[in-house]
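Hi there,

Here is the structure I promised to pass on. Have a look at it first, and then read my notes below.

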Number of protein chains: 4
Amino acid sequence: MSEPAFDLAAVRLVAFDVDGVLTDGRLYLDDQGRELHAFHVRDGMGMALARRDGLLLVALSGRDSPGVRARLQELRVSEIHLGVIDKAQVLSELAQRLQIPLAQTCFVGDDVNDLAALAIAGRSYAPADAHPRVRAVVHSVTRAAGGHGVLREILDAIYQARKAAAASASSRQS
Amino acid sequence: MSEPAFDLAAVRLVAFDVDGVLTDGRLYLDDQGRELHAFHVRDGMGMALARRDGLLLVALSGRDSPGVRARLQELRVSEIHLGVIDKAQVLSELAQRLQIPLAQTCFVGDDVNDLAALAIAGRSYAPADAHPRVRAVVHSVTRAAGGHGVLREILDAIYQARKAAAASASSRQS
Amino acid sequence: MSEPAFDLAAVRLVAFDVDGVLTDGRLYLDDQGRELHAFHVRDGMGMALARRDGLLLVALSGRDSPGVRARLQELRVSEIHLGVIDKAQVLSELAQRLQIPLAQTCFVGDDVNDLAALAIAGRSYAPADAHPRVRAVVHSVTRAAGGHGVLREILDAIYQARKAAAASASSRQS
Amino acid sequence: MSEPAFDLAAVRLVAFDVDGVLTDGRLYLDDQGRELHAFHVRDGMGMALARRDGLLLVALSGRDSPGVRARLQELRVSEIHLGVIDKAQVLSELAQRLQIPLAQTCFVGDDVNDLAALAIAGRSYAPADAHPRVRAVVHSVTRAAGGHGVLREILDAIYQARKAAAASASSRQS
């Protein structure tokens with residue numbers, strides 16, 4: 001991920017799609033039509049660390065399923081929006097309600113229904129294996145493919161940027 | 001996928017095998033002999049967009065399972081034929097019933113029981129990891145392996161061809 | 001798979017380990033300790049074709065689980081031996097009982113508990129991702145990794161050898 | 001795995017994280033929030049052989065789930081510690097209780113919550129796909145990725161070292 005002149009350290013909210021981002025896009029269906037989703041444990045660790053640092057985590061998925069909701073709740077994701085038709089609108093209203101400028105938000109998506117939300121976020125990300133139309137327009141494509149630590153990679157980058165900014169601020173003070 | 005002189009824009013029906021095409025060919029079996037199948041969310045998105053554009057989607061599988069049927073119904077696949085012995089016959093009868101020339105159909109298959117149907121469709125496709133005998137005879141092998149967006153790749157190509165044809169037609173009119 | 005001077009066309013029995021050969025070696029365990037195993041649909045197709053050609057298929061696994069047994073029965077595997085301690089002994093007794101010379105058997109295994117059986121079979125195979133000690137001693141390593149069509153690759157090779165032998169015999173007669 | 005001057009043959013205890021080490025880090029969640037974990041059969045074989053050779057196996061996981069516990073019990077892991085907050089403390093107390101010097105222990109971990117335990121073990125290992133911060137500090141990174149035989153690779157190395165040491169000792173005696 002090359003990071004041009006955007007202030008990652010100022011990001012306060014990270015919103016993300018679920019299928020294809022937190023998972024590798026596979027929906028495991030059993031004979032009763034019940035779904036399984038495969039999350040990655042290192043995304044969970046990154047989300048726990050980010051929450052501790054005061055970052056707001058927001059799930060915005062077009063699909064809805066009890067297993068996804070359960071995992072997001074276990075990870076204590078701040079805002080869980082499943083079955084969303086217009087992700088850009090939800091992201092926009094949410095930013096306004098929380099009084100966070102869109103310039104201080106990130107959005108992570110993998111398919112064409114994420115394009116509008118990716119366009120309004122301060123910083124847009126796509127997994128390495130996202131749809132070509134999405135990869136073509138985002139600010140950064142992660143090294144990780146969907147379900148293999150995409151969110152962790154972004155949260156680590158924000159953490160590093162915050163640490164660098166804090167170090168720089170404290171060296172200016174002394 | 002190299003596309004020689006075939007009019008993809010004229011395709012009206014896309015028929016496809018399920019195991020090894022919509023899935024990566026794995027059958028997950030539990031202690032009770034129940035099956036899980038792993039579908040890809042981006043195939044689902046492509047199917048929703050294609051349906052909106054009036055394309056007929058047809059599932060033709062040699063196997064039958066309730067989980068597969070549930071997923072295909074959720075995706076509102078126009079025709080769902082599971083447990084099919086002779087796929088070429090079903091495809092042929094279906095094209096006749098719907099009054100669609102076989103030249104305006106596609107078939108996507110991954111194994112030797114798909115060979116006859118692949119031979120009569122206007123355009124034949126195989127996933128990147130299909131059986132060698134299938135890859136040797138189809139018009140196109142997709143970049144995607146089974147279960148990783150094979151159908152999406154084909155539906156995107158049809159969409160692009162339709163858009164190009166429409167643009168060309170409208171520029172001729174003006 | 002390079003095939004030196006061994007008469008594949010004469011093979012009458014193909015015995016194989018299950019975990020790591022028919023599957024990729026993963027045991028999916030749920031909260032109740034129940035297991036899932038991921039089989040590949042193209043192995044199943046190959047087994048159906050081989051059975052039609054009169055080849056005996058024998059499963060020899062050190063582990064035992066109801067899901068594995070169900071899948072092997074669905075595939076109508078001739079002999080299903082699960083929970084086997086000494087695979088070489090079972091293979092040897094079976095060949096004797098069926099009056100098939102060991103020289104006309106194949107064995108496919110992926111780990112050190114397969115070494116003795118691999119040593120007595122007429123032809124020994126290991127998946128591309130088998131344990132190094134196994135890959136070092138078998139006659140052939142398949143291109144496919146475990147769970148991705150290992151058995152199909154072997155059965156296809158036997159089918160080709162039989163077809164070539166039949167063609168050669170019929171050309172000698174004319 | 002390059003092995004510098006550390007006496008692997010003297011190792012008496014191998015402790016390891018579960019998610020991301022014995023598994024590839026994926027948590028499969030169903031609609032009821034139940035978890036599936038994918039273990040590898042060849043890790044199980046290695047653990048059985050190591051136990052026979054008198055090696056102590058210790059699981060130290062930050063998470064806890066019944067499926068993981070069931071698999072570890074099936075593999076007869078000597079000590080099973082799940083839901084552990086401070087892995088270094090548990091490893092340290094355990095070594096003291098069993099009167100094994102930390103220099104004769106290994107620890108295998110994949111994420112930042114393993115760093116302290118990795119720092120005190122005699123020999124530290126990370127899977128090929130571990131978090132970059134972990135890979136940067138361990139003694140060895142395994143060729144295998146998490147869930148694909150990481151522990152087997154380490155146990156095989158210990159076995160080889162013990163065999164070499166025994167051969168060397170017996171040649172000195174003769």
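Three residues stand out on one side: Arg26(D), Leu29(D) and Asp31(D) supply 35% of the area that chain D buries against chain A, more than any other three residues. Please keep in mind that this is a predicted model.

In residue terms, the contact takes 22 residues from chain D and 22 residues from chain A.

**Charges and polar pairs**

How many salt bridges cross the interface of chain D and chain A? The rule finds five. In one salt bridge, the side chain of Arg63(D) meets that of Glu74(A), with 2.7 Å from N to O. Polar contacts between chain D and chain A come to 13 residue pairs, counting those with both residues at pLDDT 80 or more.

Which elements of chain D give two or more residues to the side that touches chain A? They are β2 (26–30) and β3 (35–40). Of the elements, β2(D) gives the most, with five residues. Sorted by class, the side of chain D that touches chain A holds six nonpolar, six polar and 10 charged residues.

**How the copies are arranged**

Do the copies meet through like or different surfaces? Only 18% of the interface residues of chain D are also interface residues in chain A, so the surfaces are different.

Some pairs of chains stay apart. Chain A and chain C do not touch, and their nearest C-alpha atoms are 12 Å apart. Chain B and chain D do not touch either, again with 12 Å between their nearest C-alpha atoms.

**One residue to look at in chain A**

If you are browsing the model, stop at Ile85(A), which lies in the loop between β5 (79–81) and α3 (87–97) of chain A. Is Ile85(A) buried or exposed? Its relative accessible area is 80%, so Ile85(A) is exposed. The C-alpha atom of Ile85(A) is 5.9 Å from that of Gly62(A), although 23 residues separate the two along the chain.

Happy browsing, and do write back with any questions.

Best wishes

Technical notes:
Residues numbered from 1 in each chain as written. Chains lettered and ligands numbered in written order. Predicted model: local features only at pLDDT ≥ 70, side-chain atom pairs only at ≥ 80, totals over all residues. Heavy atoms only, no water. Contact = heavy atoms within 4.5 Å. Helix = DSSP H or I, 4+ residues; strand = E, 2+ residues; numbered from the N terminus. Buried < 20%, exposed > 50% of the residue type's maximum accessible area, 1.4 Å probe, protein only. Buried area = accessible area lost by both parts, 1.4 Å probe. Salt bridge = Lys/Arg side-chain N within 4 Å of Asp/Glu carboxyl O. Polar contact = N/O pair within 3.5 Å; in protein donor to acceptor, adjacent residues only side chain to side chain. Nonpolar A, V, L, I, M, F, W, Y, C, P; charged D, E, K, R; others polar.
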